[in-house]
Amino acid sequence: MGSQQIDIVMLPFMAHGHLIPFLSLATQIHHRTGFNIAIANTPLNIQYLRSTFHQHQHQHPPPWIHLFELPFNSAGHGLPPNSENTENLPLDQIGKLVISSVSLKTPFHNFLLDIIKKQGKPPLCIISDVFFGWVVEVANIMNTVSITFDTGGAYGILALFSFWLNLSDRKTDSEEFNLPGFPERCKFHVSQLHEFMRNADGNDSWSRFLKPQLSSSLQSFGCLTNTAEELEPLGLDSLRKYTQFPVWPIGPLLPKQLLNKSPLSSSSS
């Protein structure tokens, strides 16, 4: 970290679909505020983020961004060596990786202590993935603010919260069901559920992990979501009513190389 002050700390989940939006958000925040930002993750995921700079002819990350490796032993969680990302993992291994992410709590806590020791105060806030609900507790201990970042969109994150916190499909014999937070006219069908969601009963491993993490995320100061007010007016309104905390649409965050392509280009799909 050197002597430069860290204003914001980010903790994305261990998946490329989460890492890249966090990096885009960091860039957007710095350009608007000038803040210095630290992104923490497992060693291989930090290497992946470094590689994104190399792909754009940058030898190193810009001086305002700091990439920090949190110790993580995949083999110690029953995962194959170097399994620090959901990419190309079978579903049962993804489940193990998701559950193992709680082990980052102590290293992340120590990382924040190191920041406070070096600069004499905590960062302004921690922006963490919705699956890292435990960050709320750590932020409170460190006397800073916890902000949840939803890398998808308002409709999707509301469905995620409502499904795992209520398991409404288990409360009816019908193949269609309602989710709390959505208008009554919105019906969901069991065929739309992934296999591990259809099998969820509250005692399965996914439920035991997701329910406490999502419940804790709802205790954060607010939520940034990767959408725009004009794109999801119903989703954002419903999400705000369900969560009862501030929701700020800050997207859509799209890679620059996608924005630079012509809509008529055959490679822009």
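**View 1. Confidence along the chain of this predicted model.** The chain averages a pLDDT of 88, and 90% of the residues score at least 70. pLDDT is the predictor's confidence in each residue, from 0 to 100. This is a predicted model, so local features need pLDDT of at least 70 and side-chain atom pairs pLDDT 80 or more, while totals for chains, interfaces and linings use all residues. Residues are numbered from 1 along each chain as its sequence is written, and side-chain values use heavy atoms, without hydrogens and water. Confidence is highest in strand β1 (residues 8-11), at a mean of 98, and lowest in helix α10 (residues 256-259), at 52. Helices (H or I, at least four residues) and strands (E, at least two) are DSSP runs, numbered from the N terminus. Over residues 261-269, pLDDT stays under 50, and the model has 5 contacts there beyond four places in sequence. Contact means heavy atoms within 4.5 Å.

**View 2. An aromatic pair, Phe108 and Trp134.** The whole structure holds 14 aromatic pairs. In this one, the ring centres are 5.9 Å apart and the planes stand at 75 degrees, so the pair is edge-to-face. Rings of Phe, Tyr and Trp (its six-membered ring) pair if their centres lie within 6.5 Å; planes under 30 degrees apart are stacked, over 60 edge-to-face, the rest tilted. Phe108 sits in helix α4 (residues 105-119) and Trp134 in the loop between β4 (125-129) and α5 (135-141), so the pair ties together parts 26 residues apart in sequence. Phe108 is buried, at 0% relative accessibility. Trp134 is buried too, at 6%. Buried means under 20% relative accessible area, exposed over 50%, partly exposed in between (1.4 Å probe, protein chains only).

**View 3. A buried threonine, Thr227.** Thr227 lies in the loop between β8 (222-225) and α9 (233-243). Its relative accessibility is 3%, so Thr227 counts as buried. Leaving out residues up to four places away in sequence, Thr227 touches several residues, including Gly152, Gly153, Leu236 and Pro249.

**View 4. A nonpolar surface patch of Val145, Phe221 and Trp248.** Together they have about 270 Å² of accessible area. Areas come from the Shrake-Rupley method with a 1.4 Å probe; for residues, only the protein chains shown count as cover. Patch residues have over 30% relative accessible area and no salt bridge; nonpolar side chains (Val, Leu, Ile, Met, Phe, Trp, Tyr) are joined within 5 Å, like charges within 9 Å. A salt bridge is a side-chain nitrogen of Lys or Arg within 4 Å of a carboxyl oxygen of Asp or Glu. Val145 lies in strand β5 (residues 145-150). At 32% relative accessibility, Val145 is partly exposed.
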